[in-house]
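Student: Could we go through this chain together, one question at a time?

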Amino acid sequence: MTEKEDGESLISHLEALRETLLKCIISLCVGLPFTLYIAPKALNWLIDIIVGDSKVAFNFFSPMEVFLIQLKTAMVLDVIVCFPYMAKKIWDFILPALYENEKRFVKKTVLASVGLFVAGACFCLFVLMPMVVKFGLSFSTANINPMFGLSNIISLALMLAVAFGIMFQTPLITIALIKSDIISYESVSNLRPYIIVGILIVAAILTPPDVVSQLMLGIPTYLLFEAGLLLARKNK
């Protein structure tokens with residue numbers, strides 16, 4: 001292939017990438033009015049999940065606070081709703097460059113990654129956040145009344161949901177590193193103490209500065225790491 005053909009090939013790939021990204025952005029713009037419409041109901045549903053049986057009310061402290069939280073919720077919902085379409089477009093862009101066995105591996109990995117991300121986010125919203133609220137309420141006394149800010153709680157829930165979704169990718173990362181021979185199974189097994197420390201450090205960075213949230217993220221992540229290690233050993 002001549003230098004001119006190499007340049008034309010690079011330009012065509014960049015053009016295809018630009019077109020793919022543009023379609024993804026357009027899909028987000030098209031989906032946003034719908035998610036803005038359902039954002040108030042989605043926000044109330046999210047609050048019901050977080051509150052659980054705690055019987056606590058969230059408060060807002062500025063006229064625009066609820067609107068801004070609804071807007072943030074709508075943007076997150078927009079990404080979730082448009083994700084299948086965006087994933088398909090990105091997949092269509094990458095697919096021609098892969099061999100058949102690579103296509104099968106990547107397809108399984110992408111599906112597993114989405115499933116783990118959803119599982120992590122659901123674990124955060126349905127299990128962790130109600131526990132965080134109850135933990136906060138446990139400090140109330142006759143002279144100390146709890147007052148939770150809506151913006152703080154919902155922003156925390158959305159941030160932690162993303163953090164849990166990312167950390168739940170641990171088994172896929174473990175399997176990929178071992179299957180690609182970047183690191184051996186024995187080496188990973190011997191590095192367990194360092195990996196535990198690393199998981200706790202990342203959990204501390206991604207969560208608020210309280211031990212409960214850090215352990216609730218660190219413990220499942222470590223268990224998932226062990227699951228990935230076990231699967232990698234079986235598939236060796």
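The questions and answers below move from the overall fold to single side-chain pairs.

Tutor: Before we start, this is a predicted model, in which local features need pLDDT of at least 70, side-chain atom pairs count only at pLDDT 80 or more, and totals for chains, interfaces and linings use all residues. Residues are numbered from 1 along each chain as its sequence is written, and side-chain values use heavy atoms, with hydrogens and water left out.

Student: In what order do the elements of the chain run from the N terminus on?
Tutor: Helices (H or I, at least four residues) and strands (E, at least two) are DSSP runs, numbered from the N terminus. The chain has eight helices and two strands. Their order is α-β-α-α-β-α-α-α-α-α.

Student: Which residues does Ser27 contact, leaving aside its neighbours within four places in sequence?
Tutor: Ser27 sits in helix 1, residues 3-51. At a relative accessible area of 12%, Ser27 is buried; that term means under 20%, while exposed means over 50% and partly exposed lies in between (1.4 Å probe, protein chains only). Taking contact as heavy atoms within 4.5 Å, its partners are Asp78, Cys82, Tyr85 and Met86.

Student: How far apart are the end C-alpha atoms of residues 108-133?
Tutor: An unreviewed UniProt entry lists this span among its "transmembrane region" features, and such annotations may be inferred rather than shown by experiment. The span is 100% helix and 0% strand, and its end C-alpha atoms are separated by 37 Å.

Student: What kind of aromatic pair do Trp45 and Phe126 form?
Tutor: Rings of Phe, Tyr and Trp (its six-membered ring) pair if their centres lie within 6.5 Å; planes under 30 degrees apart are stacked, over 60 edge-to-face and the rest tilted. The count by this rule is six aromatic pairs. For Trp45 and Phe126, the centres are 6.2 Å apart and the planes at 70°, so the pair is edge-to-face.

Student: Is Phe164 buried or exposed?
Tutor: Phe164 pairs with Phe123, their centres being 5.8 Å apart and their planes at 35°, so this pair is tilted. Phe123 lies in helix 3 and Phe164 in helix 4 (residues 150-167), so parts 41 residues apart in sequence are tied together. Phe123 is partly exposed at 24%. Phe164 has a relative accessible area of 0%, and is therefore buried.

Student: Which residue joins Phe123 and Phe164 in a cluster?
Tutor: Ring pairs link three residues here, and the one joining Phe123 and Phe164 is Phe168.

Student: How many residues apart in sequence are Glu226 and Arg192?
Tutor: The structure holds three salt bridges, each a side-chain nitrogen of Lys or Arg within 4 Å of a carboxyl oxygen of Asp or Glu. One of them joins Glu226 and Arg192 at 2.7 Å, N to O. Because Glu226 is in helix 8 (residues 211-234) and Arg192 in helix 7 (residues 192-206), the pair ties together parts whose separation in sequence is 34 residues.

Student: Why are Arg18 and Glu15 separated by about one helical turn?
Tutor: Arg18 and Glu15 form a salt bridge at 2.8 Å, N to O. An α-helix has 3.6 residues a turn, so residues three or four places apart point the same way. Arg18 and Glu15 are about one turn apart because their spacing in helix 1 is three residues.
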